[in-house]
Amino acid sequence: MAGRPATKKGAAKASPVSSPQKNANNKRKVNPVKEPVAKKAKVAAGKAAGKATGKKAAKAVEEDSEDDESWAYGAVDESDSEVEEMDDEFVSAEEGSDIEVGALNDDFLGDEFAESDEESKAPGTAMFGSDEEDEEEGEEEEEDEEDIFASNSEDSDDDDDMEAKSRKLDAAAKAEAEEAEAELQTNIMLENDKYVLPGDDHEILQSTDLQVVQARIQEIVRVLNNFREMREGNRSRNDYIAQLLKDLCLYYGYNEYLMEKLFYIFPVSEAIEFFEANEVPRPVTIRTNTLKTRRRELAQALINRGVNLDPVGKWSKVGLQVFDSPVPIGATPEYLAGHYMLQAASSFLPVMALAPQEHERVLDMASAPGGKSTYIAALLKNTGMVFANDANKDRTKSLVANIHRLGVKNAVVCNYDGREFPGVIGGFDRVLLDAPCSGTGVISKDASVKTNKSEQDFQMLSQLQKQLILSAIDSVDAGSKTGGYIVYSTCSVTVDENEDVVNYALKKRPNVKLVSTGLDFGKEGFTRFREKVFHPSISLTRRYYPHMHNMDGFYVAKFKKISNKIPKKEDNVDLDEEEEFTPITEETGKRSRGKKSNGSKTAEEESISFNADEDAELIRASQAKLLQQQKGIKLRPKKST
């Protein structure tokens with residue numbers, strides 16, 4: 001830009017160099033000097049417009065240059081040097097540097113075009129103007145150039161201001177858009193506050209599209225959470241719940257009976273969380289076998305094999321949670337060597353509640369596949385004795401295999417129906433009963449539970465659990481110096497299999513009481529559930545849910561046996577408490593009830609404790625029978641002294 005003013009001043013000084021006689025020609029020479037300036041602007045405009053309009057702008061510049069005949073007049077009286085000088089100026093102006101072209105803003109180009117238009121209207125004025133007019137025009141051009149430079153510097157400052165303003169405008173526009181979106185969502189919520197429940201014959205209600213069903217579930221849950229304000233007309237709560245249960249059965253795949261049984265355990269929103277959690281598998285956990293290694297050493301060995309793991313939680317000193325493993329976690333050298341056991345975190349809880357002490361005699365009534373039995377043996381440090389019993393003989397194979405693999409040396413494996421205890425053997429310090437159950441807490445592992453459980457199944461299981469818990473209580477010696485405890489647990493969340501069974505045991509065995517489980521987390525057991533009212537001490541029991549504790553659904557209760565003598569039943573006991581239940585037979589299909597007890601008990605029933613002489617006779621009789629069957633040897637009866 002600095003070269004252009006010098007060129008103009010030089011052109012203005014070159015015009016009066018010749019003699020005064022050539023003033024007329026000089027006047028014409030001034031215009032040729034001005035013409036290239038105008039043409040420079042036109043060329044610049046042509047270049048700028050060429051990008052947008054292509055050949056039209058260039059053609060317009062050429063036509064303007066051809067129409068303007070001032071170059072012809074200027075070339076008549078000038079010498080060749082002057083013509084060449086003007087040609088050079090024209091070429092330089094026509095070619096113009098990028099800086100010069102960029103320096104011509106729109107206002108300047110508009111003024112030049114305005115002048116060129118006036119010159120085209122009155123060419124004689126442009127050619128025969130006076131020297132004073134020429135000088136005034138030169139001064140105006142210099143002022144225009146100064147204004148251009150000033151405007152450019154101001155434009156740079158204005159650009160910065162414009163950027164800041166643009167950012168502010170963008171931020172304001174974004175904020176306004178967010179407010180509009182929030183207002184729109186609010187309006188939508190306000191419009192849909194009162195959800196209209198479709199009729200039985202409505203197409204939406206009959207739809208099996210899971211997206212439609214899920215949306216309806218969310219709407220009904222929202223209405224039920226604020227029923228007084230959001231319900232539709234005179235619709236009752238039961239109407240919404242009935243529709244919700246149908247939708248949940250369709251969406252999650254439960255049968256109607258089990259869905260209703262599980263739904264009423266939780267508040268509405270929590271019930272949805274429970275069903276959703278059952279669709280997600282629980283984390284893989286392992287238990288360190290402290291008979292062979294320590295948790296830190298085991299963790300380091302598995303980390304060296306690329307296993308990603310962490311402690312299962314502060315509540316356990318032996319549990320590890322496995323997130324990722326490049327090798328099968330059940331086939332590592334450490335697993336085969338018995339350094340750990342694949343075991344669900346929830347099955348740690350009953351053993352921790354039992355808290356066996358060294359040199360105690362402990363019974364695990366339903367022990368297969370051996371996770372809890374081997375954990376008890378590890379806590380006993382291979383002292384005392386663990387009776388690992390299971391009613392299913394086939395399952396005892398895996399039990400024996402795990403006992404050998406983990407290095408347990410104080411275990412006795414037996415195959416009896418748990419209800420036969422203490423007839424088989426009694427007088428234990430502690431008894432663990434992880435009772436057979438419906439498995440409603442482990443639906444994430446076994447999805448068949450959703451559809452294959454009926455009311456009859458729950459009746460049979462509840463009856464079996466009540467019989468087993470009474471046998472477990474009777475198998476414990478209340479006179480044990482360190483023990484006298486019974487732990488009852490299930491992998492179910494239903495009240496029929498948990499609080500109802502515990503409450504039954506408290507009524508049938510007044511010589512026991514509930515004590516704290518020693519577990520510092522978990523929800524308290526129910527003392528009231530719908531129409532049922534349980535003993536207040538049942539609040540000491542603990543419930544565990546997959547959506548709250550990220551482990552299988554579980555229930556744990558701990559009893560303390562006070563006396564081996566069972567108190568006599570009072571005369572005012574209800575009929576339901578005195579009736580003994582028998583299994584539902586296939587022949588009748590109905591539950592048969594036992595005879596009403598007359599309140600009398602034999603001496604054997606009054607006091608059940610460990611008797612070494614009776615056990616010796618039983619052992620001798622079983623040995624004699626075994627020898628006679630295998631080798632034909634018949635033992636002589638023992639002489640009485």
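Helix 22 (residues 455-474) and helix 23 (residues 499-508) pack with their axes 10 Å apart, at an angle of about 45°. The two helices are therefore oblique to each other (angles under 35 degrees count as roughly parallel, over 145 as roughly antiparallel, 65 to 115 as roughly perpendicular and the rest as oblique). Helix 22 brings Ser462, Gln465, Lys466, Ile469, Leu470 and Ile473 to the contact, and helix 23 brings Asp500, Val501, Tyr504, Ala505 and Lys508; contact means heavy atoms within 4.5 Å.

This is a predicted model, where local features need pLDDT of at least 70 and side-chain atom pairs count only at pLDDT 80 or more, while totals for chains, interfaces and linings use all residues. Residues are numbered from 1 along each chain as its sequence is written, and side-chain values use heavy atoms, leaving out hydrogens and water.

Now let's turn to the salt bridges. The whole structure holds 16 of them, each a side-chain nitrogen of Lys or Arg within 4 Å of a carboxyl oxygen of Asp or Glu. Lys532 and Asp496 meet at 3.4 Å, N to O. Asp496 is buried, with a relative accessible area of 19%, and Lys532 is partly exposed at 26% (buried means under 20%, exposed over 50%, partly exposed in between, with a 1.4 Å probe and protein chains only).

Another salt bridge joins Lys445 and Asp552 at 2.9 Å, N to O. Here Lys445 is exposed, at 56%, whereas Asp552 is buried, at 4%.

Terms used: Axes are lines fitted to C-alpha atoms, for helices over the stretch in contact, and angles run from 0 to 180 degrees between N-to-C directions. Helices (H or I, at least four residues) and strands (E, at least two) are DSSP runs, numbered from the N terminus.
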